[in-house]
Amino acid sequence: MKYVDEFRNPQLIAKSVDEICQLADPQRHYRLMEVCGGHTHAIYRFGLKDLLPSNIELIHGPGCPVCVLPMGRIDDGLTIAAQPGVVFAAFGDVMRVPGTQGSPLERKARGMDIRIIYSPSDAIKLAKLNPDKHVMFFAIGFETTAPSTALTLLRARAEGLRNFSVFCNHVTIIPAIRAILDSPDMRIDGFIGPGHVSTVIGCRPYEWVAANEGKPIVVSGFEPLDLLQSIVMLLRQLRAGESKVENQYKRVVPWEGNRAALSAIAEVFELRPYFEWRGLGFISQSALRLREEYAQWDAERRFDVPGIRVTDPKAAQCGEVLKGVLKPAQCKLFGRECTPENPVGALMVSSEGSCAAYYNYEHRKSALVTSIGIPT
Amino acid sequence: MNYESHAATALARIRFRDPQIEMSHGAGGKASRRLIEGLFVPLLYESSGQPLGDAAHLNLDGARVAITTDSFVVKPLRFPGGSIGGLAVNGTVNDLAVSGAKAEALVATFVLEAGLPTETLRDEIQAMAAAARKAGVRIVGGDTKVVEHGKADSMYISTTGIGTPIPGIAVDPSSVSPGDKILVSGPIGDHGITILLARNELDLEADLHSDTRTVLPFVEAIARAAGSSIRWMRDPTRGGVATSLNELARDCGFGVVLDESAVPVRDEVRGACELLGLDPLHIANEGQFLTVVSASSASADSWRRRIAHYRRDSTGARRRCIGHDPVRRHAGRRHARRRPFAAHLLRTKPWLLNTPLRPKLNSVCWRAIWPSSRSSHAKPAASLMRAVKCPTASYAAAASLPSAAVLMPPTRSMSQLNLFIR
């Protein structure tokens, strides 16, 4: 399959691994953070970790929108959905995220009107099909999905749709990276930059990381070869003592970003003064909300939202894992109380969550390798 | 799955603690298993120490019969390559076939929603009749219930079949031993992806057809040609190949290693799975089956000799060895597979199937990759063809696999990556 097989070519992968081994200084320990959850998933799925020398440690970053969303927001959304005549529409990965009264999927099983949609524009279709109901789209995601929510709102406004609103949980990546760099327990040598987010925002917004913080950052694709090449590029920079922004994912990511998408975001959204992130706490100007002109479609303005802060279950260490301080398996609940089937924390739910990736691809792997003798 | 008379004593300890029934309990994965073994088996059946199979084999005063039942809830009712009626017959016939029995008679139950057009019902009954003729099975009775409009999704069909054992086959997971080979009858995932796309919820199109068909002629052909080397069979329907192999691993006590590059998957299916973040190994099939055969019988030569039999059958033209059992017994592990470039073991994830999908790339990315949209017809298709020119004989690669019994596919050239963004 074109665009996939080339980037999974075993010979090229072996070559990149050789290059990484040559570039990595054996005396040095490298801590590289892959910001995006999609990268975390790819790293585990393709077993890239096993290919890298042991002194290159990959730290999983906060780039998983479902994971960073505090439980209170899910509760708020479901409180609105519990009102008569309200349809809760959301992407599939929100459906299993635990709230205090159960996940949206569990609430659906108990009769709440909850629909899975694949694109925000489906929510508009839903609203038109059900004129007697109010469709609330539970919007979630980084800058990757914000443009499609923005375009949906532009359309809702143009068509004067009344029975539609958005519960906006869109967050932005840059403040999260800043929060990680400010955190005293994180010592990161370089970043593997998020690919999908960068299709929208481009590479320019990362320049301060390289210039002010002295950390190299390489925007990377999601195939194994993309990731390995990005690591090569990071190691080259580290070896030369440089810190700059590089774009490995040039086939998709324009340096300047997607102007049309950015202007749609700017038209519809404004920055919130602050927003709570799981694990990272309150970060100022880190999330989007609807502008005053779109108040009519803003679920937070239309409905009473309790807005109660809900703390995660005490034993769950989602925050630490999300920040990269703990590895998924170091959490006390990992693989015992918390599994993809019965998730306690959001990181076990999302396909981009590091716990889910680790559980699926890494958990008990070493036991299997020894028992059936497959070489790694 | 039929659970009659097959409750392993060890399994009866599982308790079903879930407070309510959720969609995952019907998805064929761990949650389904928990429901069956934790609730149905202990309350309905005494344990016989046998693992759960596709059909129950009974001894009625010396006469051996196999019985199984299956219900069909599919949306949309008609999809490329088939419809609910054909599915209802083939599904039950196949469950009997892979348990080593030839279906003799079926009874069918219809649950109809008031307001269902007669034309639709007639089409489905005709589809059932056609499928029954093809499978050589009689439909000898049935029952009909009509529920209020809105209380069912147009129609549900449930079929129960009885069959007689096919001579020369014994399907028994406990006879599986290390070194045995796993064969798959053809490309996997066609049915599941076809249904997914036919629902028109994804704005994706592909030139795909459901693989729904009866596998009975094929099973009978193998029984004649090499019945004694067959250890186990299963049709990987709901939950896909991975779930079936998980069940095998659990029932036989060995791990299963798959060579990922040997698993036949059409490019369209792979493409859709890549976009949607799914794994073809977890996608449902309706006309394929998995067989475990003894190690010696699975050598390339011996199967190549037997291919003559299959070629004459209309079914099962591509039969591939996709893996082998590992050398040593181990506990706790279910299923693993090997990545082509890094030996990579995967804990399977039946829950993923229950995770509703979200397109992996947003539309902005799509536009970046494929500049033109489908709405302006022919032209984008042509540009796609140029952009995604791919090898036509993607199956040929497996011929070089050591010890894999590779039966080459018929020469139908694979279409290009016929996946369009609408």
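In this predicted model, the axes of helices H2(B) and H3(B) come within 6 Å of each other and cross at roughly 35 degrees. Two packed helices are described by the angle between their axes and the distance between the axes. The crossing in which H2(B) passes H3(B) is right-handed.

Which residues of H2(B) meet H3(B)? On the H2(B) side they are B:Ile84, B:Gly85, B:Gly86, B:Ala88, B:Val89, B:Asn90 and B:Val93. Their partners in H3(B) are B:Glu124, B:Ile125, B:Ala127, B:Met128, B:Ala131, B:Ala132 and B:Ala135. The residues of this contact divide into ten nonpolar, three polar and one charged.

**Chain B and its domains**

Chain B has eleven helices and 15 strands. Of its 422 residues, 50% count as buried. Among the contacts in chain B with a separation of 6 or more, 85% are between residues 24 or more positions apart.

Chain B is divided into domain 1 (1-52), domain 2 (56-165) and domain 3 (173-421). The contact between domain 2 and domain 3 takes 20 residues from domain 2 of chain B and 21 residues from domain 3 of chain B. On the domain 2 side, helix H2 (84-98), strand S5 (101-113) and helix H3 (118-135) of chain B each give two or more residues. H2(B) provides the largest share of that side, nine residues.

**Chain A and its domains**

In chain A, the assignment gives domain 1 (1-316) and domain 2 (318-361). The centres of these two domains of chain A, taken over C-alpha atoms, are 17 Å apart. Their contact takes 31 residues from domain 1 of chain A and 25 residues from domain 2 of chain A. Helix H2 (37-45), strand S2 (56-63) and helix H4 (65-68) of chain A each supply at least two residues of the domain 1 side. H2(A) gives the most to that side, with six residues.

**Helix H12 of chain A**

Helix H12 (residues 224-240) of chain A has 17 residues. From its first C-alpha to its last, H12(A) reaches 24 Å, close to the 24 Å expected at 1.5 Å a residue. Why is H12(A) described as largely enclosed by the rest of the structure? The reason is that 14 of the 17 residues of H12(A) are buried. After H12(A) comes A:Gly241, whose phi is positive, near 70 degrees.

Technical notes:
Residues are numbered from 1 along each chain as its sequence is written. Chains are lettered from A and ligands numbered from 1 in the order in which they are written. This is a predicted model: local features need pLDDT of at least 70, side-chain atom pairs count only at pLDDT 80 or more; totals for chains, interfaces and linings use all residues. Domain bounds come from an automatic or database domain assignment. Two residues are in contact if their C-beta atoms, placed from the backbone, lie within 7 Å. Helices (H or I, at least four residues) and strands (E, at least two) are DSSP runs, numbered from the N terminus. The expected span of a helix is 1.5 Å times one less than its number of residues. A residue is buried if 20 or more other C-beta atoms lie within 10 Å of its own, exposed if 12 or fewer, and partly exposed in between; C-beta atoms are placed from the backbone. Axes are lines fitted to C-alpha atoms, for helices over the stretch in contact, and angles run from 0 to 180 degrees between N-to-C directions. A crossing is left-handed if the near helix is turned anticlockwise from the far one by less than a right angle, and right-handed if clockwise. Ala, Val, Leu, Ile, Met, Phe, Trp, Tyr, Cys and Pro count as nonpolar, Asp, Glu, Lys and Arg as charged, and the others, Gly among them, as polar.
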